[in-house]
Amino acid sequence: MPGKLKVKIVAGRHLPVMDRASDLTDAFVEVKFGNTTFKTDVYLKSLNPQWNSEWFKFEVDDEDLQDEPLQITVLDHDTYSANDAIGKVYIDIDPLLYSEAATVISGWFPIYDTIHGIRGEINVVVKVDLFNDLNRFRQSSCGVKFFCTTSIPKCYRAVVIHGFVEELVVNEDPEYQWIDRIRTPRASNEARQRLISLMSGELQRKIGLKVLEMRGNAVVGYLQCFDLEGESGLVVRAIGTACTLDKLSSPAAFLPACNSPSKEMKESPLVHPPSHGCRSTHNSPIHTATGSRLTQNFSVSVPTLIYTGTGSGSAGKEGGPLKALLRQQTQSALEQREFPFLTLTAFPPGLLVHVGGVVSARSVKLLDRIHNPAFVGIMGNTRSYKLLDWNSFNSDEPETRDAWWAEIRQEIKSHAKALGCHAVVGYSESTSICEEVCILSASGTAAVLNPRFLQEGTVEGSLEQRIEENLPVGCGFCHIPYDELNMPFPAHLTYCYNCRKQKVPDVLFTTIDLPTDAVVVGKGCLIQARLCRLKKKAQAEANATAISNLLPFMEYEVHTQLMNKLKLKGMNALFGLRIQITVGENMLMGLASATGVYLAALPTPGGIQIAGKTPNDGSYEQHISHMQKKINDTIAKNKELYEINPPEVSEEIIGSPIPEPRQRSRLLRSQSESSDEVTELDLSHGKKDAFVLEIDDADAMEDVHSLLTDVPPPSGFYSCNTEIMPGINNWTSEIQMFTSVRVVRLSSLNLTNQALNKNFNGLCENLLKSLYFKLRSMTPCCLCHVNFTVSLPEDELIQVTVTAVAITFDKNQALQTTKAHAEKSLQRASADNEEMLQFPLELCSDSLPSHAFPAAKAVTVEKASPMGDGNFRNRSAPPCASSTVGVVKMTPLSFIPGAKITKYLGIINMFFIRETTSLREEGGVSGFLHAFIAEVFAMVRAHVAALGGNAVVSYIMKQCVFMENPSKNQAQCLINVSGDAVVFVRESDLEVMSAQQPAVNCQPSCTGEVTT
Amino acid sequence: MTSELDIFVGNTTLIDEDVYRLWLDGYSVNDAVALRVRSGILEQTGATAGVLQSDTMDHYRTFHMLERLLHAPPKLLHQLIFQIPPSRQALLIERYYTFDEAFVREVLGKKLSKGTKKDLDDISTKTGITLKSCRRQFDNFKRVFKVVEEMRGSLVDNIQQHFLLSDRLARDYAAIVFFANNRFETGKKKLQYLSFGDFAFCAELMIQNWTLGAVGEAPTDPDSQMDDMDVDLDKEFLQDLKELKVLVADKDLLDLHKSLVCTVLRGKLSVFSEMETNFKNLSRGLVNVAAKLTHNKDVRDLFVDLVEKFVEPCRSDHWPLSDVRLFLTQYSVSVHSLDGFRHQVLWDRYMGTLRGCLLRLYHD
């Protein structure tokens, strides 16, 4: 009997009128957990009932505690007929299961009904008494912390990063066709909500078990997704990065002294006694455990990165032997079916050594119709699409979804290997389903990592020192990890413009956030490539084949567009790249978003040359030259706009070993795509050694035009899809998270690819323009973490969903600090070699502030900069919004500007269905969805507030599936959101507090403040 | 390509004050867009008409969803669906309950019934205020009326508590409720020169002095059914007012009163002779108004009577306001020296308020 769950129903308010005669309601509450149900008394004739119930006690296994949601149903008592349900509240009690998170859930929850939406609120108190369970073979994984945040959470320190964890659960979808149903819509919606809640609980528990097996205590970058496969079932899958985290106890975590690496190294063995004392992962118990799992279980298991200390710290220093070694190790990893993937996008300082480029893989699968519900979603014929080499095999063998993913991951791994990398970071997986066709996609950034973080107990001063020594500041990650003489693809290499010692590519594409120590010139900007391709309607295999055939062309074009747009912006690197391919009945859509920046370490990008095919035509020539001029003008304008003026002087001073004239640069496809494909695809470009756009037909002309139609954001606005905007440091505290959804209907008459592209482009551009207009009062501000999702709900319907956060910043000071920062880092970069050799430790503690807390860069940088004091005062000036009762901030970022996260309360993972049969009365589709999204926000906020939190970070709307049937006056929408509930304290408050009682740990006072 | 669905939802609900005003003024989305275009917003922001249309629709939808909550403002404070900073909540409420002077003059003192609601078309045409806006304002009046009508305690406090209005606006609503409840006639042609402010001023004085609540915080019998403390006039007081009739009915008393007033005011009024000749008429007018207040019909005509019997005669003789003030003061005070008159307290309660009202009503 490992746990006791206690629930108290306090009161209700704003209940709907259920009895028309009296205009009142006789409400009571059912509290259900597992198979046990309790009821409160009926509170007669009130819309604000005061139940004040006793404590309902459920004695349950902790396994159930993890899987089951607490289900609270509010009903209207009816003497003569069946009681009417008013609505429900599902409470995930997981946050109560780990010691450091919430201790009690208490507050007002919106009562939600899938047909009527929110109908009043209910006040509930939930507590859990956990008994210590010493059973080794337990099935639960209570105590493993989960974080959606894709970096090491702010008040923790990573002791070990174990590696990739994944799991999936399959079930029958209780409602695979919503239009024709047997039971009431409410019943089927609720069944679905409950099932998904159960499945995600189970999934989380299973992942937790894997983490425990790996001796970790947390999952970071946890991403859980649903695949609504329709008739073939419902898949809930999750990936994450297993870590051993250590709570930073000091409230003054921003002070560099607390975090100096030397200390860290001393502390870590205490925190995690390396009982086994193994340095070689091959002998580590984790490994054997993994192996044994594999034999018993179909689920593909989880590796610890095999990366022993044998590199003896020379990682990144020099190529040949190490690279060979790496490859060997990767090889052995391969044999053990390990996936050295991290879902993190930002890393503790020193972890990321080199970045190879983006690796991605896609596969087209056919979802099979399931005849026997018992095997729902597990069987299926496959059509496997592997980039260019499309190999189909008519296998009758049952293949699980696991096997599908395993195949893709394998491919990713081999791509990474081809780039000379042993790991993949910023890894993510996604699906797009249309009828019975499913595209599975995975992508990440091939990288070489520092082994220090990846295994327990590697404490060696000398190693430490050498690593620091070998990591050139701010450019190390740009250096190529692959062998120069044996390049996986044709690339143009130069010596690093920063350190002049190592080779760098001319363009770098990645899926991660910009490393905090990266030296960037000017500001960044959001870059999108958008593409539509028509496809014939087809069935089953023919359809899959058609899609598979289109995919390489889509990837190619998306890539070309990205490259062109990047050059047009005068930038040379993309971060946070996310390419989404969506399949619809009669078309495929591709949308790539990334944040372009100018990395100081990489060469200046060349321009874009246009060439005509018919050189004899005079007017045509003129037209071409006109276009060329326009392009050149745009590049010049963009350079000014984004303040890209790299210090060219340095070139002469240092004396570049390879001073190549670079007016033109070469298209480097392979950075962003799998090497397999590249070698084949590159042929089309192979003969040209310059980046030339040939205008030989109307299509190409259109492409060039579309390049130039992207309007820059209005002045005062910046946008990016990464955590923070490169080049802006001085964030003020005002944030506004929002979701915007648009659905457009394409006129079905003779659609062409070209018209489609234009429509799609217009849709995205207009959406952005609308956002800029709506948020104009916040300027100067930056839209961060701009996340576009495209879906094709029906023929001729395109749905685009955007979630982002607008953050204000102080313009004047931002400029100053940028300059100061840039100067500082440049100085540092030039001076570091000497200093490092002489005073390695001193330098460590000195340089640490700028990257100790990756996302809180603004804060630390300011403190370190000469103007620190002034900035700080000014920033704390704006009124503190958190003082208002009940405000819960939401942000897709992992931090809150101007504030410090003091506590993580647990993961928020919620799934809602809303349906209506009176669409017109609810204001049409817009009114319906507007209200629903507002309700979802409200429910998230209520749950966070009940946990004692005041913000959600790393918030993401993972799914927003909208279906309408206007002729029947019906619509249905499914939304899945997640994030981390946190407690934050304004830095201004923190200052006051520490001034008053400097010795006090801020923890108790913070929580006290929040609960007021 | 047509937009089927187009929404924007912020974690903090975005409120555009300009659009809110247009919405409150009852403009359709298209009219609102046209008005916004005319305001030059496109040039300022570089936005397109499509963007403006989408933005306006969004705001209208939000306001529409908020409207239900605005009907019971405390709900807006406690609801969880829209996260709105307190200052914005206050602004939303205040603006929602703000009314147009032109509109309120049309319905002030009318029964807030379905019948009146039907006349809103005419009011809309007459005032140029959109019908939608008229309806909102009318419904606001009616809603506030319904909520506070049966309540005990201070009318203004009740309104403030249940509708979270500013002090100023709550006072205006108290006047509207008071007028609607007592059905004072304000629409007659001769009353057209009066503003809502004039009536509201009088209402406040009357609430303070002539209602049950005015008698004292604790009514004589706490168990009595004196529910509508601030809304209804004190019936007993109105009955008693009959006693004042003696002031004009008793010829000696009237003469004495006149001579007392004239003695003091001689040489102080620019219109002394006019006052002297008119004294009896004016006094009769003022006292008869008091004596008639037992009948509901006459209560309704209170303002008509005051204007007819006092304001108009004085105005036709071109009394300056200062003279009116001096006269009324002396007229009230002199009664204290009338030995035969026993209703001094009653007189003061009546005349104190009436004097304030008359001075406010006396203008062009």
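Start by selecting B:Lys190 and B:Glu308. They form a salt bridge, with the closest N and O atoms 2.7 Å apart. (A salt bridge is a side-chain nitrogen of Lys or Arg within 4 Å of a carboxyl oxygen of Asp or Glu.) This is a predicted model: local features need pLDDT of at least 70, side-chain atom pairs count only at pLDDT 80 or more, and totals for chains, interfaces and linings use all residues. Residues are numbered from 1 along each chain as its sequence is written, chains are lettered from A and ligands numbered from 1 in the order written, and side-chain values use heavy atoms, without hydrogens and water.

**Domains of chain B**

Colour chain B by domain: 17-82 is domain 1, 101-210 is domain 2 and 235-361 is domain 3. These bounds come from an automatic or database domain assignment. Now show domains 2 and 3 of chain B. Their centres, over C-alpha atoms, lie 28 Å apart. Domain 2 of chain B brings 19 residues to the contact and domain 3 of chain B brings 21. (Contact means heavy atoms within 4.5 Å.)

How much area do domain 2 and domain 3 of chain B bury between them? About 1,900 Å², with 67% of it on carbon and sulfur atoms. (Buried area is the accessible area, 1.4 Å probe, that two parts lose on being put together, summed over both.) Select B:Lys190, B:Tyr193 and B:Trp210 next: they supply 36% of what domain 2 of chain B buries here, more than any other three residues. Two salt bridges cross this interface.

**Between the chains**

Move to chains A and B. The contact takes 50 residues from chain A and 35 from chain B. About 3,600 Å² is buried between them, 60% of it on carbon and sulfur atoms. Select A:Phe773, A:Lys774 and A:His930: in chain A they lose the most area to chain B, together 22% of what that side buries.

The two chains share five salt bridges. For B:Asp6 and A:Arg742, the N to O distance in their salt bridge is 3.0 Å. Then highlight helix H19 (924-946) of chain A. H19(A) gives 13 residues, the largest share of the side of chain A that touches chain B. (Helices are DSSP runs of H or I, at least four residues, numbered from the N terminus.)

**Confidence**

The mean for chain B is 89, and 95% of its residues reach 70 or more. Zoom to residues 217-225 of chain B: pLDDT stays under 50 there, and the model has six contacts for them beyond four places in sequence. The model scores ipTM 0.89 and pTM 0.82.

Conventions:
pLDDT = per-residue confidence, 0-100. Helix = DSSP H or I, 4+ residues; strand = E, 2+ residues; numbered from the N terminus.
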